[in-house]
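Please look over the sequence and the three-dimensional structure shown here before reading the notes that follow.

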Amino acid sequence: MIRETVYEYWENPLPSLQERSFDFNLLCLDLINDIVGIRRAGKTYLMFQIIKYLTEKEKLNKKSTIYVNFENRKLYPLKSKYVNDLVELIYEERLLDKFEKIYLFLDEIQNLQNWEKYIRNIYDEFKGRIKIFLSGSNMKLLGREYVHLLSGRHITLVLYPLSFEEFLKFKGILPKRKNIILEKERAIIKKALNEYIQYGGFPEVVLSGLKEKILQQYFSDIISRDVVFKERIRKDIALLEELSIYLISNIANLTSFRRLTNLFNSRGMKITLPTLIHYHNLFEDAFLFFSTRIFSYKIKDQLQHPLKLYCVDTGLVNACGFKFSEDLGRLYENMVAVELKRRGKEIYYWKDKQQREVDFVVKERLKITQLIQVCLNLEDERMTKREIQALLEASKELNCNNLLIITQNEEGKEEIKGMQMIYKPLWKWLLTDTE
């Protein structure tokens with residue numbers, strides 16, 4: 001069946017697609033490319049985009065590329081020997097004689113048992129002749145066995161749902177110039193931001209009219225297929241679903257797992273602290289949630305304080321979580337957190353003994369490079385004063401003078417106590433660099 005699948009791929013045209021941001025310089029690296037991320041974020045179509053680039057821009061013959069999706073029903077039951085079958089096919093078709101390099105795209109590879117050893121063998125045996133791309137919807141693609149076997153042989157790209165810039169491109173309303181945005185364009189962009197916050201950036205959702213229904217189905221599929229099924233969980237399914245709803249309803253809030261364990265036990269849903277932490281980690285492995293720790297130079301402090309939880313897409317939050325009056329501020333904060341992760345930033349939150357808090361501490365190697373506060377309503381003087389005071393205290397403690405307040409509409413600069421505060425609306429920050 002693997003041969004039939006490859007022949008079908010060669011004979012059929014690639015599906016039409018909207019292009020995502022991708023650094024094609026990665027194609028020059030003699031490394032395995034891992035593409036990981038939440039289900040439905042667009043990993044398959046990114047592979048097709050790379051194939052399109054190779055065949056159209058680089059003018060390569062399509063037969064120098066091989067694409068296999070290991071969620072294809074025709075390949076079930078899956079067999080580990082499929083990888084060897086692909087090598088045999090390459091020899092049978094004399095592809096290594098016909099082409100300078102073969103590009104092998106293996107989608108949802110984690111469904112194949114013992115795939116890590118086969119991939120390492122192919123990489124080592126055909127280094128420089130076969131370029132390998134792998135994708136997966138679970139962090140376990142990058143598990144201990146894989147990292148051990150392929151240390152120094154791979155580079156990983158985490159694919160998130162569409163960035164705001166990609167969202168605007170999908171909608172056909174990206175401004176002509178990044179540095180000069182006209183008043184008319186600004187109004188359109190701000191309206192688009194409201195839709196982006198409400199429904200998120202999953203490509204299919206952006207282009208569909210049934211947004212909320214699709215998002216609810218995505219959420220259900222992630223829980224059932226990427227958590228329950230992959231972990232062979234026979235019990236606690238109701239508790240897992242309850243936990244997922246609780247977490248998605250409490251994004252941008254501090255979360256103590258000990259308190260959460262007590263809460264579930266008080267409601268008659270018996271669970272131990274280690275089990276709850278394990279279930280939370282499963283959600284993170286499926287790329288549904290991620291968390292930040294308090295900033296401290298002491299690992300012990302980081303482990304003792306609550307985590308701050310975020311969801312990978314605000315559309316899922318709105319479609320599947322409980323809504324509260326303060327949602328917009330938390331949705332803004334969640335969006336900033338996702339964008340910082342998308343840009344590859346190492347992030348923490350900051351809090352002192354007086355309970356002053358800064359939303360994001362951005363760290364690069366040993367240096368704190370930026371402090372970010374999300375503050376929608378600057379007209380609330382009491383809240384604004386508290387947010388600014390927290391930034392000033394964190395700035396002194398962490399020796400960082402790059403202070404940013406992300407707002408709903410306000411923009412400008414202000415000097416306070418000898419420190420310069422930069423105010424920037426969310427839409428503009430999403431379309432520019434963080435620095």
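The axes of helix α8 (residues 183–199) and α16 come within 11 Å and cross at roughly 85°, where axes are lines fitted to C-alpha atoms over the stretch in contact and angles run from 0 to 180 degrees between N-to-C directions. This is a predicted model, in which local features need pLDDT of at least 70 and side-chain atom pairs count only at pLDDT 80 or more, while totals for chains, interfaces and linings use all residues. Residues are numbered from 1 along each chain as its sequence is written, and side-chain values use heavy atoms, with hydrogens and water left out. Helices (H or I, at least four residues) and strands (E, at least two) are DSSP runs, numbered from the N terminus.

**Helix packing**

- α8 and α16 are therefore roughly perpendicular to each other, a label for angles of 65 to 115 degrees, with those under 35 counting as roughly parallel, those over 145 as roughly antiparallel and the rest as oblique.
- Leu193, Tyr196 and Ile197 of α8 meet Leu331, Tyr332, Met335 and Arg342 of α16, contact meaning heavy atoms within 4.5 Å.
- The residues of this contact between α8 and α16 divide into six nonpolar, no polar and one charged (Ala, Val, Leu, Ile, Met, Phe, Trp, Tyr, Cys and Pro count as nonpolar, Asp, Glu, Lys and Arg as charged, and the others, Gly among them, as polar).
- Helix α11 (residues 237–248) packs against helix α13 (residues 273–285) at an angle of about 70°, with their axes 11 Å apart, and the two are therefore roughly perpendicular to each other.
- Helix α10 (residues 211–229) and α11 have axes that come within 11 Å and cross at roughly 130°, which makes α10 oblique to α11.

**Cavities**

- The structure holds two cavities of 30 Å³ or more, a cavity being a set of points on a 1 Å grid over the protein atoms alone where a 1.4 Å probe fits but cannot get out, with lining residues having an atom within 4 Å of a point.
- The largest cavity has a volume of about 100 Å³, a volume being the space filled by probe spheres set on the points, which are joined across faces, edges and corners.
- Of the 14 residues that line the largest cavity, Tyr196, Val312, Met335, Val338 and Arg342 are the closest to its centre.
- Helix α16 (residues 327–342) gives the most to the lining of the largest cavity, with five residues.
- The second largest cavity, with a volume of about 50 Å³, has a lining that includes Ile248, Phe322 and Leu331, and its largest share, three residues, comes from α16.

**Backbone geometry**

- The peptide bond from tyrosine 76 to proline 77 is cis, with omega near -5°, and proline 77 is found in the loop between β2 (65–69) and α3 (82–92).
- Asparagine 114, in the loop between β3 (102–107) and α5 (115–125), has a phi near 60°, a positive value in a residue other than glycine.

Technical notes: On a 1 Å grid over the protein atoms alone, a cavity is a set of points where a 1.4 Å probe fits but cannot get out, and a pocket is an open set with protein on both sides within 12 Å along at least five of seven lines; lining residues have an atom within 4 Å of a point.
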